[in-house]
Amino acid sequence: MMQRIAGAEWSMGGATSLTDIVAPAVSDVVAPPITDIVATLGGPTPREPASSQPWLIVEVSDRPELLRAYHALRRREFVELQGLFPRDDTDARDADSRTRVLTALSVDGRVLGGVRIHPARDGSERIGWWQGSRLVVAAGIGAAGIGAAGGPGLSRGRIGSALVRAACAHALDVGALRFDAQVQDRQLGFFERLGWEPVRAIEVAGASHQLMRWPITRFQELVDATKQPLAGLIGSLLPDDRWRGDDGVPVPGGAGVVTCLDAITPSMVQRDPEWAGWCGMLVTAHDLAAMGAAPAGALDALAAPDGAHARRVIDGIRAGADALSLPVLGGHTQLGVPAALSVTGIGHTLDPIPASGGRVGDAVTLTADVAGDWRPGYLGRQWDSSSWRTREELGQMLSAVVRARPHAAKDVSMAGVVGTLGMLAEASGWGAELDVESIPRPPRAGLSDWLTCFPGLAMVTCDQPGASFADPGAAVSATCGSLTAAPGVRLRWPDGELTEALAGDVSGLGAAGAAANANESKTTSRR
């Protein structure tokens, strides 16, 4: 991974942390000259940057000469100058194959600094817990700095900022959900200006440090894009009852009839029509199951550019209808228009389960089918555990909620596991915590992707602690959190730390009618 940075200013959104210090020893180890690939291939030669805006290259380094240069800078700074370590500052992280070293190079190949990122603990990369450390910038670069060709411009602060931002970006690339750094006290302001947040004072190698953390906003960005606008768009249309914001509702006067509606992303209907048809039936069956309803049938509204494309979507619908015991009762089909699909589900239950029934202290359970793999073409975004399951397997998974009858249930869809839990907590008038080590997930999926993807068959439920959940068959069910009085969703880590996943309500629709009334006296400080 290589990045060019004009003036060493690299503007990155939501990333991570580094450690130790921005060290004041231009290394005498020089990297090989860097070839301009564009020029080599006959492309236009870029204009020389102004001397006040030199170019800097930050790359993930595995070249021995760059690693030697980086270690030489570290030894000079942390051993010889600061005396933090008696003879050598290397440790087990340097020998760990999961550790990544980023070096800052001038365009003529000089090693100007470096930093490393690595799992915070052995195995913590599985849950997205990473740390930055051994940040160092070569001494001999004064306040005026050095330019790409020897002139002024690249200061230590700019080089250090570029390394920190690059490390944050790389941590996001490897799936970090928490990124920490142990920072010397005198560098606190430097990191705060880059967006880092102090956590508490600590001691490292006998010196005073601050534990600092980069706020990772992956979950918040997802719900802001998919759910946060809902209150302003549809809030005034919805009745203020216990089903407000739920995926399905009982039909007034319908004697136990419940209904739900789902639309499939048009681009997915266009590019992967069979999968779109299958998913239309899957999410509809899922919505009915979350309410504890027995499926009765479905209505589909299908648009397609031509009959051939429509037939492929219908093949997926037919397969889903059969496997999910959700017969198609009717619908509407239109040709000669852009591809689109929506499915209305109809079910029956005399005692539907709301998403708004959670109570403070309730245990949060995630039930998910963790077999399968990423759908081809949707790596990190859509998990397929269902298209090859038998009707019996799918039926046992989908009927688990009605057999368990928890206080509240919601199926996981666009907002991912964290966003879905946030919506359930919001509808119930509360917040939630998730224990990252207890969340069931596929071995082949990183936790950051798993918590933000469409997971196929997955359900979030809340019930009193100790309540048993019905056997979900081939799926996995685990208690992994609780509802809390504080709004939003937080992640609980193995060391007891809490990090913010969602700051507050997900959709802005607030507590559903019955939940809002029941909790009114307890939530005066909530909003």
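Colleague: Which helices and strands each supply at least two residues of the lining of the largest cavity?

Modeller: Happy to walk you through it, bearing in mind that this is a predicted model. The largest cavity has a volume of about 100 Å³, and 13 residues line it. The elements that each supply at least two residues of that lining are β14 (363–368), α11 (391–398), α12 (400–404) and β19 (458–463).

Colleague: Which residues lie nearest the centre of the largest cavity, and how does its lining divide into nonpolar, polar and charged?

Modeller: Among the 13 lining residues, H286, T367, M397, A458 and M459 lie nearest the centre. By class, the residues of the lining divide into ten nonpolar, two polar and one charged.

Colleague: Let's move to D89. Is D89 buried or exposed?

Modeller: D89 sits in the loop between α2 (64–81) and α3 (92–95). The cut-off for buried is a relative accessible area under 20%. D89 has a value of 1%, so D89 is buried.

Colleague: Which residue joins its side chain to that of D89 in a polar contact?

Modeller: Leaving aside neighbours within four places in sequence, D89 is in contact with R74, R75, F78, V79, D94 and R134. The polar contact between side chains has a length of 2.8 Å, and the partner of D89 in it is R74.

Colleague: How far apart in space are D89 and R134, C-alpha to C-alpha?

Modeller: R134 belongs to strand β5 (residues 129–137), and R134 is buried, with a relative accessible area of 8%. The side chain of R134 also makes a polar contact of 3.5 Å with the side chain of D91. In sequence, D89 and R134 are 45 residues apart, while in space their C-alpha atoms are separated by 8.9 Å.

Colleague: What span should helix α4 have, and what is the distance between its end C-alpha atoms?

Modeller: Helix α4 covers residues 156–173, which is 18 residues. Its buried residues include I159, L163, V164 and H170, and α4 is followed by G175, whose phi is positive, near 90°.

Colleague: One more, please: which side chain is joined to that of Q382 by a polar contact?

Modeller: Q382 lies in the loop between β15 (373–374) and β16 (383–384), and Q382 is buried, with a relative accessible area of 12%. Not counting residues up to four places away in sequence, Q382 touches M268, W275, W374, R375, C453 and F454. The polar contact, at 2.6 Å, joins the side chain of Q382 to that of W275.

Technical notes:
Residues numbered from 1 in each chain as written. Predicted model: local features only at pLDDT ≥ 70, side-chain atom pairs only at ≥ 80, totals over all residues. Heavy atoms only, no water. Helix = DSSP H or I, 4+ residues; strand = E, 2+ residues; numbered from the N terminus. Buried < 20%, exposed > 50% of the residue type's maximum accessible area, 1.4 Å probe, protein only. Contact = heavy atoms within 4.5 Å. Polar contact = N/O pair within 3.5 Å; in protein donor to acceptor, adjacent residues only side chain to side chain. Expected span 1.5 Å × (residues − 1). 1 Å grid on protein atoms, 1.4 Å probe; cavity = no way out; pocket = protein on both sides within 12 Å on 5 of 7 lines; lining within 4 Å. Points joined across faces, edges and corners; volume = space filled by probe spheres on them. Nonpolar A, V, L, I, M, F, W, Y, C, P; charged D, E, K, R; others polar.
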